Amino acid sequence: MPDIRELGPQGRGMLHEGWSTEVADYVIVCGWALEGNAFLVGDAAGGLYAFEGKSGTVLWHRKEVHEGSLLAMSIHPDGDIFATAGQDGRVLIWKSKDGESNKALDLGKGWVEHLQWSPDGQFLAVVFSQYVYVFGADGEEHWRSDKHPSTVSAVAWSKSNELATACYGQVTFYDVLRAQVNQKLEWQGSLVSMVLSPDGDIVACGSQDNSVHFWRRSTAQDAEMTGYPGKPSQLAFDQTGMVLATGGGERITVWSFQGNGPEGTVPGELDLHIGAISSLAFSNRGSLLASGSRDGSVFVWLLQKNGHGEPLGGAFVGAHVEAIAWRPDDCALAAVNANGGINVWDFKNRIKTSPKGFS
Amino acid sequence: MTNKQKVPVTILTGFLGSGKTTLLNKILSEEHGKRIAVIENEYGEVGIDQGLVINADEEVFEMSNGCICCTVRGDLIRVLGNLMKRRDKFDYVLVETTGLADPGPVAQTFFMDDEIRSEFSLDGIVTLVDAAHIDQQLGRSDESSEQVAFADVLVLNKTDLVSDESLDTLEARLRDMNRMARVVRSKQADVSVETVLNLGAFDLDQVLERRPSFLEPEYPFEWTGIFQLEPGRYEVSLEEGPDPMMSLVVVADQGTDEESLNEGAESCVRLYAEPAELLHPGDKIPLNKHVNLQLQSEGRKSFSLEVEKSGHLGLFTQHTAEEFDIKVRRMDTSVSESGSNQPNNLLIPPIAERTWVAQHEHDDEVGSIAIERNGNVDPEKLNAWLSQLLSEKGVDIFRMKGFISFADEPRRIVFQGVHMLFTSQPDREWGNESRRNQLVFIGRDLDEEALQSGFDKCLT
């Protein structure tokens, strides 16, 4: 019998059953609002739900909010309002508290697949096929991009007035106040996902050809990480920007940016899921990574600076894990799945991890 | 994790005006019990009251390695990825492409993307052909011939606008380009839904059942006539025919039974492979030699033939006797003494005749090649050969289908590929059936001999 302490500082059982429930359809989006007091969920049929954060009691429920299907949700940094978008080409802005919508933005015939509030909550970036719009919280249009060469596949804010967009062949940084291009990073490949390091210097993109491509903005240096068995659509930086966790297969590959890395280094590999990784989320503080898989499994890992890590706990939810979200206080973890299932676990971290992560 | 049934996908291609929209509407309006999600191209204008019609801009993405075989349809990946979350709403997907689309990237999407591959299966590619205009289109654009080459079903549409004769010619041309496809004729895209959906296009047995002559050998000659001749001199005469030249091999001692005919045909194939000697009217035709008869002058042309001992002489001609009105007459003086004024009596009819499946003139760059061999193949050798072949010729090989026998595997291994990508998986058990292998390649400027000898080296 191995010493249980060798399996991890706390052994098993780090995820304690909290509450669980089920909604009508495939859950597409989720997130915590109202400082963790509400858990918001949107499903494929366009159903929108708010659950009380601790008990799972339904706070409110709206039906068919987007015709066709709901595709995206972004919760405002203050947690009081949030935005949803769908196949109907609309963006709706909602109040978290009562589920009342006071703004509807119609972009036209087409899908709205991505939404992102700026870090200061002043702007909402909206992707509409080959264009990106920036609206104020009041719904007023502030800026609109030129036509991109292909459909925009991801957006991310590097700072409150600078927005990055990814599409086939390029990542572009726009100053949305001055309406100008700050930087364009080009590479011939179909970029399917994008994350920025918290300081905004590193841009990482998952590519259709089963690789992760990244750039350092300060030096314009770029590098390519290949050898993934699948398409790395899931990417997550920890809050210090030290490690980048990537999916693209059954194994989580973690690249460490310490020293001169990750170029020329061996990544950490977290290998417990049986199916392909479908979601990744770092805790808000500390160096905990939560991962969900198409096989219905969820794991929490404690990572080291060098990208290596060990499992702290796991659970099985029975269906493709579509999204995963840490409560703002990191004391609970939620996962939503393809069968409409919602699972929330209390997470008690009895070991000391630096609240500042790796630094 | 449950093993869900993959959703079948049909790709609908064809030039503008070929009738795609009509067919699409017909499929959607018919009672077939399927809930079909349609992914329509940006120019699509299907005005239908159907739940799931999604417009997609065709975005063809090349990969960073710059290989054109590795192109995918980015829009399809996004749309299908989202559709997967609404699986309760549909059980079939139809993808309509624009007229000028290269079907390669669409088909490759179902091989290249791991998520799409795990949820959807490519059921078949249906190409609509405008019978009145396809001849011009084939000459003018690569996309048009690629659409024909990629098809599992070719719907020859608007047949009411052309004569039966030109339809036959057109169908033969299309079959030459793609021997794998089923050809269906229609007036206003009025084909039954079963001919285009749920093809299980990979059912090779079905393909073979439909076209029994699919793998029948082709010969460089269309006709054989066997003549019983006594020693003496003979005249072989020909009328003007479809060509100013015709090649021929005359074989001594040709038997008339089936086996001898096939043996003769095989040895003639070898003789036909040798360079032909050009003969002008009046020249003597040598035995067992490949010759070209020059037939440019007007009227009936004669060549002579000398027979030393009596027996059966076989004429293996490039075209049928009918086309050139080929006649054999005795020219000996010994006979003409008694009946010099009755030349017609000297006409010698063949004692046996045979027409062969002719090797068509492959005018189109795009064509298909079939390999059929008995026995087993070595998996490693096959893999090495295929890898090399596809990396070198993948651009020109549009599609590949077939099945293989491995000695240690009780089941057939079926192959299916698009350009450089291919999948193989075990299929039904061989049982008592004798082990054999069949592969079909469709592509541009394919080297049949190289493919066959390459495959032969993989046999154990």
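Does Asn210(A) count as buried or exposed, and at what relative accessibility? In this predicted model, Asn210(A) has a relative accessibility of 19% and is therefore classed as buried, the cut-off being under 20%. The residue is placed in the loop that connects strand E19 (202-207) with strand E20 (211-216) of chain A, and its phi is near 60°, a positive value in a residue other than glycine.

A positive phi is also found at Glu35(A), where the angle is near 55°. Glu35(A) belongs to the loop between strand E2 (27-33) and strand E3 (38-43) of chain A, and, with a relative accessibility of 72%, this residue counts as exposed. With regard to peptide bonds, the one leading from Gly261(A) to Pro262(A) is cis, with omega near 0°; Pro262(A) itself is situated in the loop between strand E24 (252-256) and strand E25 (268-270) of chain A.

A further loop of chain A, between strand E13 (141-144) and strand E14 (154-159), contains Ser153(A). Ser153(A) has a relative accessible area of 11% and is therefore buried. When neighbours within four places in sequence are set aside, the residues in contact with Ser153(A) are His114(A), Ala166(A), Cys167(A), Leu191(A) and Val192(A).

Between the two chains, 28 residues of chain A are in contact with 22 residues of chain B, and the area buried between chain A and chain B is about 2300 Å², with 46% of it on carbon and sulfur atoms. Of the area that chain A buries against chain B, 23% is supplied by Trp111(A), Gln208(A) and Arg294(A), more than by any other three residues. The interface of chain A and chain B holds 5 salt bridges; the side chains of Glu113(A) and Arg78(B) form a salt bridge with an N to O distance of 2.5 Å. Polar contacts between chain A and chain B involve 12 residue pairs, both members being at pLDDT 80 or more. On the side of chain A that touches chain B, the residues divide into 8 nonpolar, 11 polar and 9 charged.

Chain B comprises 13 helices and 23 strands, and buried residues account for 52% of its 460 residues. Where contacts within chain B link residues at least 6 apart in sequence, 77% of them join residues at least 24 apart. The accessible surface of chain B amounts to about 21000 Å², and carbon and sulfur atoms contribute 45% of that area.

How values were computed
Residues numbered from 1 in each chain as written. Chains lettered and ligands numbered in written order. Predicted model: local features only at pLDDT ≥ 70, side-chain atom pairs only at ≥ 80, totals over all residues. Heavy atoms only, no water. Contact = heavy atoms within 4.5 Å. Buried area = accessible area lost by both parts, 1.4 Å probe. Salt bridge = Lys/Arg side-chain N within 4 Å of Asp/Glu carboxyl O. Polar contact = N/O pair within 3.5 Å; in protein donor to acceptor, adjacent residues only side chain to side chain. Nonpolar A, V, L, I, M, F, W, Y, C, P; charged D, E, K, R; others polar. Helix = DSSP H or I, 4+ residues; strand = E, 2+ residues; numbered from the N terminus. Buried < 20%, exposed > 50% of the residue type's maximum accessible area, 1.4 Å probe, protein only. Areas by Shrake-Rupley, 256 points an atom, 1.4 Å probe, with all protein chains shown as cover.
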